[in-house]
Amino acid sequence: MFSIYLKSTRILGFTCFFFGLLSVNSLYGQEGGASKPVTNHFKFKTLIVDAGHGGKDPGAHGATSKEKDIALSIAKKLRDLVNNEMPGVKTIMTRSTDTFIELHRRTEIANSNHGNLFISIHCNSSPQKRAKEHGTLVLVYGFHRSQEQREALRENASIFIEDDYKNKYNGYGEDNVVNTIVLNAFQQKYRKQSIHFGDMIIHQVKKADGRHTFGVKEQGVLVLAQSGMPAVLVETGFINNPADEEYLNSKDGQFTIATSILRALKGYRDSLEGR
């Protein structure tokens with residue numbers, strides 16, 4: 001047990017040191033031994049769009065529709081809008097058809113393509129057959145909090161459909177202290193940017209059509225925890241609320257949601273590039 005503790009401490013220390021070094025080097029130059037501010041040359045190049053669930057994993061159910069279908073339709077609209085209105089930004093879809101993509105594979109796609117931002121599209125639902133709640137919620141990865149576990153567990157339940165999930169997710173679970181420490185340290189680097197982008201989405205959703213929102217919340221959603229970049233999960237509406245379900249299935253509703261995310265994305269890119 002003590003050797004495991006030492007190993008986790010070394011990993012955490014190296015991770016924090018590495019991120020700290022990156023942060024310092026990004027702000028100051030080394031020429032002539034003097035610290036000098038440098039111009040921001042960052043360019044937003046790659047967006048990862050993740051349509052939640054798919055294939056044998058339908059996600060949440062409404063009266064007439066499934067989460068996987070709505071998520072894919074909105075994700076495609078967002079991809080097309082970005083391709084048309086943000087030249088120079090490459091859009092990578094984790095899935096573009098009704099196929100089951102394992103959670104670890106989604107983040108592998110994002111990380112291997114060196115994404116600058118990960119957006120996962122989902123629909124919310126409540127335990128009741130007909131939800132009274134309605135509106136949009138944005139999730140970012142955060143430390144595990146007992147009062148927020150229900151939504152995280154619902155999203156993370158997809159891993160149990162996969163074969164050999166314990167090995168793929170390296171013993172993922174509440175009792176795996178080493179994994180939790182390392183993942184939290186890694187993701188903290190992107191927490192501020194994720195929340196910033198999430199706030200921009202919420203602002204645009206309110207501005208676009210006056211829809212109710214629940215703001216930005218931090219939860220331990222696995223698909224966000226393993227992405228090596230700023231990441232958000234957009235709960236576009238409650239699929240088991242009749243009014244929300246109708247909106248989520250309509251072309252106008254899907255287009256409005258995608259456009260709101262697009263406007264937030266443009267503002268986020270401009271803030272990073274110093275425009």
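## Thr46 and its surroundings

Apart from its neighbours within four places in sequence, Thr46 makes contact with Lys90, Ile92, Asn113, His114, Gly115, Asn116 and Leu117. Thr46 belongs to strand β3, which covers residues 46–51. The relative accessible area of Thr46 is 11%, so this residue counts as buried; the cut-off for buried is under 20%. The model described here is a predicted one.

## The chain as a whole

The chain contains 9 helices and 8 strands. Of its 275 residues, 47% count as buried. The accessible surface of the chain amounts to about 14100 Å², and carbon and sulfur atoms contribute 55% of that surface.

Contacts in the chain may also be sorted by separation in sequence.

## The open sheet

Strand β3 is part of an open sheet of 6 strands, arranged in the order β4-β3-β5-β8-β6-β7, with mixed pairing. At the edges are β4 (90–93) and β7 (213–219), each of which pairs on one side only. On average, neighbouring strands of this sheet are turned by 20° against each other, direction ignored.

Strands of a sheet pair through backbone hydrogen bonds, in either a parallel or an antiparallel manner. Strand β6 (residues 136–141) pairs with β7 in the parallel sense, over 5 bridges. Val140 has Glu218 in β7 as its bridge partner. Helix α3 packs on the sheet and touches β3, β4 and β5; the direction of α3 makes about 165° with that of β3.

## Two histidines with positive phi

Most residues other than glycine have a negative phi. His53 is not a glycine, yet its phi is positive, at about 60°. This residue lies in the loop between β3 and α2 (67–85). Its relative accessibility is 6%, and His53 therefore counts as buried.

His114, although not a glycine, also has a positive phi, of about 55°. His114 is located in the loop between α3 (103–112) and β5 (117–124), and it is among the residues in contact with Thr46. With a relative accessible area of 63%, His114 is exposed, because exposed means over 50%.

## Helix α9

Helix α9 comprises 23 residues (residues 251–273). Gly274 follows α9 and has a positive phi, near 70°.

## Aromatic pairs and a cluster

The structure holds 3 aromatic pairs. In one of them, the ring centres of Phe44 and Tyr268 are 6.3 Å apart and the planes stand at 85°, so the pair is edge-to-face. Phe44 is in the loop between β2 (36–37) and β3, whereas Tyr268 is in helix α9; the pair therefore ties together parts that are 224 residues apart in sequence. Both residues are buried: Phe44 has a relative accessible area of 3%, and Tyr268 has a relative accessibility of 0%.

Tyr268 also forms an aromatic pair with Phe197, which is tilted, with 5.2 Å from centre to centre and 55° between the planes. This pair links distant parts of the chain, since Phe197 lies in helix α6 (residues 177–209) and Tyr268 in helix α9, 71 residues apart. Phe197 counts as buried, at 0% relative accessibility. Through these ring pairs, Phe44, Phe197 and Tyr268 are linked into a cluster.

Conventions
Residues are numbered from 1 along each chain as its sequence is written. This is a predicted model: local features need pLDDT of at least 70, side-chain atom pairs count only at pLDDT 80 or more; totals for chains, interfaces and linings use all residues. Side-chain values use heavy atoms; hydrogens and water are left out. Helices (H or I, at least four residues) and strands (E, at least two) are DSSP runs, numbered from the N terminus. Buried means under 20% relative accessible area, exposed over 50%, partly exposed in between (1.4 Å probe, protein chains only). Contact means heavy atoms within 4.5 Å. The expected span of a helix is 1.5 Å times one less than its number of residues. Accessible areas come from the Shrake-Rupley method with a 1.4 Å probe; for residues, only the protein chains shown count as cover. Two strands pair if DSSP finds at least two bridges between them. Axes are lines fitted to C-alpha atoms, for helices over the stretch in contact, and angles run from 0 to 180 degrees between N-to-C directions. Rings of Phe, Tyr and Trp (its six-membered ring) pair if their centres lie within 6.5 Å; planes under 30 degrees apart count as stacked, over 60 as edge-to-face and the rest as tilted.
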